[in-house]
Structure formats: C-alpha cells, structure tokens
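The sequence and structure are shown first.

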Amino acid sequence: MWTAYRDIMEHVSVTEDMRRRILTRLEENTSVPARPAIRFPLYRRLVAAAACLLLLLGGILAAGRVFSSPEVPSDLGNVGNGIPSFTEVSSLQELSQTVGFPVEGLSHIPFTVTETHYTVLMENTAEIRYIGDGTSAVYRKTPGQTDPSGDYGSYAAVLQWDISGLTVTLKGDGTLFSLALWQDGDYSYSAQLSTPVSTAVWENMLSA
Amino acid sequence: MYICPSSTFSHTVTLQRWVIQAAARIRLLLFHAFAQPAFDEAREDTAALSRQAERLLSQHGDSILRLAYAYLHNMSDAEDVLQDTLLQFLKTAPVLENPDHEKAWLLRVAGNLSKNRIAYNRVRGADELEESLAAEQREDLSYVWDAVKSLPVKYREVIHLFYYEGYSTGQIAQLLRMNESTVRSRLRRGREQLKSILQEVPGLVDGL
C-alpha cells in the first residue's frame, strides 16, 4: 500500500516548464519595479542640457572632486526594496546605530549563550541571535506594527499574556511556547526560541 | 544683411543636438560615478535571490509540490502553493538552524497555504494525477489514490508526512504544531479508514 502511495507521488514533480514559470514569477515579485519614463517639455530639457554643458565647460576640476565624493544621490534610496538584505554587525551598539533606534535584546535567556550575532535585516529590522549548545533564541525589533518574526505558521495555542504592562502574544502547543510577539510604542518585537518553554520562563525573560 | 531663415534653423537644430548629446554624456558619467554602484548592489542582491530560489526549488520543490497536491488534488493549485511558499521564504527570511528545519518550515507553510485554499474553496476541480494513472492503466495505484483522496484532510496530511516524507510522529507534531498524541491518533484512524476502503482489493491492504 505505502509503496503504491510512493509510486503515485513520483508522478507529481516539478517540470522544467513549471520551474521556469515559478522562477520568473518569483523574480517579478521580488524585484524593484522599473520607474516610469518621464518626458519633460523641450525647454526644460534644453535648460537641463545647458546646465550640464556649463558644468562640463566650467567645472572639470570641480568634477574631479565630485567624482571622489562618497555620497550617493538620495533618490536611489529605494533601490533594493523588496529584496531581503542582511548586514551583520559586530556589537549591540553598532546594531542600534545602523538601524537608527535603540535595541535592547533579551536577558535571562534560558540557556548558556556561547555566541551572539547582530544582524540588520531589510535595512531597519534589528536581529540578535543567541546561540547555545544545540539551542538558540532570536530577538527582532522593527519600527511600525508589522510582525517581524517571519514565522507565519499556525500554532495549536495562541494566548495573550501580560508581562510588565505589555500584552505579549505567545504561540506554542498550549503548554510550551516558542514564539512571543509584542508591541511597545512605535516598535514591534518578536522573540523565538528553538526549544519551547513555559509561560513562566517567558515572563522571566521578557520582564527583565 | 539678409539671413537665410533655413540656415538659422539648421544651426539652431545642430546646436540643440550637440547640447542634448553633451548632456546625455554627462548624465552617463554621473550615472557611472554615483548610481552604478547602487544598481550593481541591487543587481547582486537580485542575483543572490534568484540563486536562493533555484536552490530551494531544486532541493525542496518536489516535496512541497507533492504535499500541496496531497491536499489539493490539482496541479495548478499545487504549483501556486509551491510558488507562494517560496515567495514567503524569500520575503520573510525565517530564522532556521539547519536544512532539516528549512524543509520543515517550507512544508509547514505549504500545508497552511493549502488548507487556506481548501477553507476558502479556492481549489480547482481537475485531478491530473487521477487522469495520468488512468491513462497508464495502473488500476492498483488508482484505487490507492482514490482511497487516500477520500480521507479527511486531517488524516491525509499526517499520512503523507509519515509514509511519504518519513517524518516521525514527534516531528510531524512539531511541524503541524499539534500534540504528538493527536498525530498518532490521526495516523491510526486514517489507516483504519484506508483499510476499510481498500479491503476488497487483494494485496493493497498489506502493511496497513
């Protein structure tokens, strides 16, 4: 019977056409949309061209200084939107400086932390990953009201728990919980443990 | 003094062209100086994303597609679920420790997306697998597929993960966020139902 079921499932596989379709659509969904071309009136193009000409004729030396400038024009700031980017930094302080808001991290982690990694995700989400012996905890903080955990799975139990005046959403199997989500002011937070723990442990970890 | 109007016009047009060409060259120079590095970075990110998508599709594409098909019984729906699962992975950058967790995450999301489609009655009618088995005149496989299809979703998912993917009941419990006792109970009931459906077909109930 189970051999038959495996034989049946072998009939279902990703074909070359399907692979191409999926990769194309994924690329479309994760790329920056091209900016629409803007046509300016002729006089404005001429004025712009004249300005450029003046720049060329009168500012060759100045251009040398401009080329050496490290600054990038501000209208390029949205290049890369929608593409997950990861920048690992070396300390909590550098993490806070890079994302532009204070990052607190977790305390009273329920295992001995042997490594800590600080990462900036998507330009403004701070992540701290605490690694222990065969276990880990991940803390994320981001501005706004969006869930920063990246965990959109369904859980058998979801409960609201008041910890130090904050309403924390705990997700797990009803007894042990592996994911906590909360908001405080202008920021959203998540903490995820690879090994689920009780509400008491969460309370100890988040109330500190 | 007489000035030929056409000659003046011709000179004006030539000057205009020259100015526009000069401006275009300056813009190109500025683009290479300022914008090109940012675009190169974005292109590298996009390339990295494409490589990630291809890797996920190669390593887990068949497993995700088969699980989705086990839920939905339709290739177009299963393909959509596969694509949406990969998209979620690329956009949310989930925290994962090893390849096993990566596969489990993908299967969990694919399962949830499939169940959402069933809940919202967004499943197409055609079962290409049934047609394929009929065309191959594999009656034994057709019986088994019909029997598995007739099971409730809650039994089908655990049966697929246990017998096809080879997960233990504990792993399935973690993957589906439910108690292990629930998984065991659903496996047992699913097997019993299959047995009663297939008992009239000699040989197919072996191993149930």
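Helices α2(A) and α2(B) are oblique to each other, a label for angles that are neither under 35 degrees (roughly parallel), over 145 (roughly antiparallel) nor 65 to 115 (roughly perpendicular). The model is predicted: local features need pLDDT of at least 70, side-chain atom pairs count only at pLDDT 80 or more, and totals for chains, interfaces and linings use all residues. Residues are numbered from 1 along each chain as its sequence is written, chains are lettered from A and ligands numbered from 1 in the order in which they are written, and side-chain values use heavy atoms, without hydrogens and water.

**Helix pair**

Residues 16-30 of chain A form one helix and residues 75-92 of chain B the other; they pack at an angle of about 40°, with axes 10 Å apart. Their crossing is right-handed. Contacts (heavy atoms within 4.5 Å) involve A:M18, A:I22 and A:L26, among others, on α2(A), and residues including B:L82, B:L86 and B:L90 on α2(B). By class, this contact has 8 nonpolar, 3 polar and 4 charged residues.

A:S188 belongs to strand β8 (residues 187-197) of chain A. A:S188 is buried, at a relative accessible area of 2%, where buried means under 20% with a 1.4 Å probe and protein chains only. The side chain of A:S188 lies close to two backbone oxygens, as tabulated with their distances.

| Backbone oxygen | Distance to A:S188 side chain |
|---|---|
| A:G144 | 2.6 Å |
| A:T146 | 3.5 Å |

Beyond neighbours within four places in sequence, A:S188 is also in contact with residues including A:R140, A:P148 and A:W182.

How values were computed: Axes are lines fitted to C-alpha atoms, for helices over the stretch in contact, and angles run from 0 to 180 degrees between N-to-C directions. Helices (H or I, at least four residues) and strands (E, at least two) are DSSP runs, numbered from the N terminus. A crossing is left-handed if the near helix is turned anticlockwise from the far one by less than a right angle, and right-handed if clockwise. Ala, Val, Leu, Ile, Met, Phe, Trp, Tyr, Cys and Pro count as nonpolar, Asp, Glu, Lys and Arg as charged, and the others, Gly among them, as polar. Buried means under 20% relative accessible area, exposed over 50%, partly exposed in between (1.4 Å probe, protein chains only). A polar contact is a pair of N or O atoms within 3.5 Å; within protein, one must be able to donate a hydrogen and the other to accept it, and residues adjacent in sequence count only if both atoms are side-chain atoms.
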